[in-house]
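Subject: Structure handover

Hello,

I am passing this structure on to you.

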Amino acid sequence: MDQTTTPRPHRGDQLTLTVDTLAFGGAGVARHEGYVVFVQGGVPGDTVRVEVGKAKRAYAEARVIEVVTPSPDRIEPLANHPGAPWQVIPYARQLEIKAEQVDDALRRIGRLDGYVLEPIVPAEQEWRYRNKLEYSFGRDADGRLICGFHAPGRWEDIVEVTDCLLASEPGNRAREEVVAWCREQGLEPYDRRSGGGFLRNLVVREGRRTGEIQVRLVTSPGKLDEESLVRATPSVDGLLWTRTGSVAETTAGGETELLAGVERYEERLGGLSISISGEAFFQTNTEMAERLYALAIEYAELRGYERLYDLYCGIGTIGLLMAPRVAELWGLEIVEEAIADAIGNARRNEIDNAHFFAGDVRLALRELVERAGRPDVLVVDPPRAGLSQKVVRRIIEAAPKRIVYVSCNPTTLAPNAAQLVEAGYELTRVRPVDMFPQTPHIECVAQLERRSG
Ligand SMILES: C[S@@+](CC[C@H](N)C(=O)[O-])C[C@H]1O[C@@H](n2cnc3c(N)ncnc32)[C@H](O)[C@@H]1O
C-alpha cells in the first residue's frame, strides 16, 4: 500500500520514490514527503518501488523491489554479483562520486577547507582485481549445493557464482575444484537458521604476482576425506581446513590445519617480497595497494634522517617500503601473527632499520614514544572506524612533523583530521585512490603538517 498520507513510513510499507543522490556507503538517498529514505540498490535519477525495512525517527532504510524508471546514468550489469553493487554506474561516474564524497566528508563532517584535493587515482583493473574472496555455501531453489555470496538484504540466501568477476580466472578455477568435490562427496551446506549442516565458507587468496593460490575451507566440526580433497584440487598451492563451532558468520577463529602445500602465501609488491599468514590483514587489491603505498611515500616527503612510525602496520608493508628512505622505522600492530610476518618480511628483504611491536595503539603508543623517541613522520592506516579521540591525542603528544593518514573511510578521516587541525596541524593535500571498482568503498591518503611555532 502506498503511504502517501503518513510522512513517516513503517517496516513493510511499499513506496514509489525518486533517488536524488548517493550516501556514504553507497545507498541511494530519496525523500518521502521530506523524510529521508536510504534505498539499497538505487542510483541517482531512478524512480523505484521499494520496501521499507528499518524505520527510525529521522530516516528509514529500504530495498528496491522494482526499478520503475531507470536513471539515464544506469548501465547494464555484467553479472548477478552482490559484491559489485555499483556496476550499474559507469566507471567514470563512480570515480567522480568517490572524489566528491571524500571532499564532502572533509568539508561537511570535518568542517575543513584549504587543502588540495588531488585527482582520484583510477583502478588499473575495473574487474578481477581482488586477491581475496570469501564465499559462502548454501542451496539453490532445487536443493542443489551452491557456493557464492549472501544475497543483499536476505542474509540466509546465497547467490551462486560460477565465474566471480571480481576474482581472477585461476582463483575461480580453484573454487570450482573445491565445490565440485563437495558435491561429489554429498556434503551439506551449513544452515544459518538451524545451525545444522557442515560447509560454511571458502576463502580463496591469491599472490597476484607469484600466481600462488591459497584455499581455506571453513566447516562446522566434523570429518572429511582429506586425501581425496587434496587430489581434487590440483590448482591449489596451499590447502587449509578450518573447523569452527561459532554461530557468528565469520571466517576468523576456529582451528586451522594445513592439508597440503604451503601454509603462507607469497606476494611481490613495490620491489618487496612478502609472505602473508592466514590471520593477517593484506590489502585485497595488490596492484592498487602498490599505487596507494607509492602515494603514501610521496606524501611522507622523506629525506633520509627521519624516525618513522607506522601505526596499524599489519604485515609492515607501508613502513618496509619507506624503510630505505629513513633512519629508523617503528611499526605497531595489534595482531601478533601480522607482527611476526612484518619481522620476517624485514629479514627477507634485508631491511635492518625496522622494529615491529605487537600492541594496541591506544595503550602502546606512549610506551613506544618513551622507548623509540618522538617520530619525525608518522603513518596511520586504521580500520574503518578510524582513530579514537584518545589515539589522536596520543599522536598530538608524540608531535610528528608530518602525518600521512591512509584511510578506508572518509567519514572517520574527517573528524580525526579536524581534531589534528584543531591541535595545530594543517591538512595540506588529500588524494582518493580507487581500490574497489563496482563498489562504494573509498580509500584515500591525506597529508597533515605541523604548523611551526
Ligand atoms: C587497514 S589495516 C592496515 C594494515 C597495513 N597498514 C596494510 O596496509 O596492510 C588496519 C590494521 O590495524 C590493525 N589494528 C586494528 N585495531 C588496532 C589497534 N587498536 N591497535 C593496533 N592495530 C590495530 C588491524 O589488525 C589491521 O592490520
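The notes below go from the domains to the sheet, then to a hairpin and the ligand.

Please keep in mind that this is a predicted model.

The chain is divided into three parts: domain 1 covers 14–74, domain 2 covers 94–125 + 285–450, and domain 3 covers 132–268. Taken over C-alpha atoms, the centres of domain 2 and domain 3 are 33 Å apart.

There is an open sheet of eight strands with mixed pairing, in the order β6-β21-β22-β20-β19-β16-β17-β18. Its edge strands, β6 (116–117) and β18 (354–358), each pair on one side only. Helix α1 (residues 91–109) packs on this sheet, where it touches β6, β21 (425–433) and β22, and its direction makes about 160 degrees with that of β21. Another helix, α7, lies across β16 (307–311), β17 and β18, and runs at about 160 degrees to β17. Within the sheet, β20 (residues 402–407) and β22 (residues 443–450) pair in the antiparallel sense over six bridges. Tyr405 has Ala446 in β22 as its bridge partner.

β8 (residues 145–151) and β9 (residues 154–160) are also antiparallel, with four bridges. They form a hairpin with two residues between them, and Gly153 in the turn has a positive phi of about 75 degrees. Opposite Phe149 stands Val159 in β9.

The ligand has 20 residues around it, of which Phe281, Tyr312, Gly314, Ile334 and Asp381 come nearest. The shell divides into 13 nonpolar, three polar and four charged residues. At least two residues of the shell come from each of α5 (317–322), β17 (328–333) and α7 (361–372).

Regards

Methods: Residues are numbered from 1 along each chain as its sequence is written. This is a predicted model: local features need pLDDT of at least 70, side-chain atom pairs count only at pLDDT 80 or more; totals for chains, interfaces and linings use all residues. A residue is near a molecule or strand if its C-beta atom, placed from the backbone, lies within 6 Å of it. Ala, Val, Leu, Ile, Met, Phe, Trp, Tyr, Cys and Pro count as nonpolar, Asp, Glu, Lys and Arg as charged, and the others, Gly among them, as polar. Domain bounds come from an automatic or database domain assignment. Two strands pair if DSSP finds at least two bridges between them. Two residues are in contact if their C-beta atoms, placed from the backbone, lie within 7 Å. Axes are lines fitted to C-alpha atoms, for helices over the stretch in contact, and angles run from 0 to 180 degrees between N-to-C directions.
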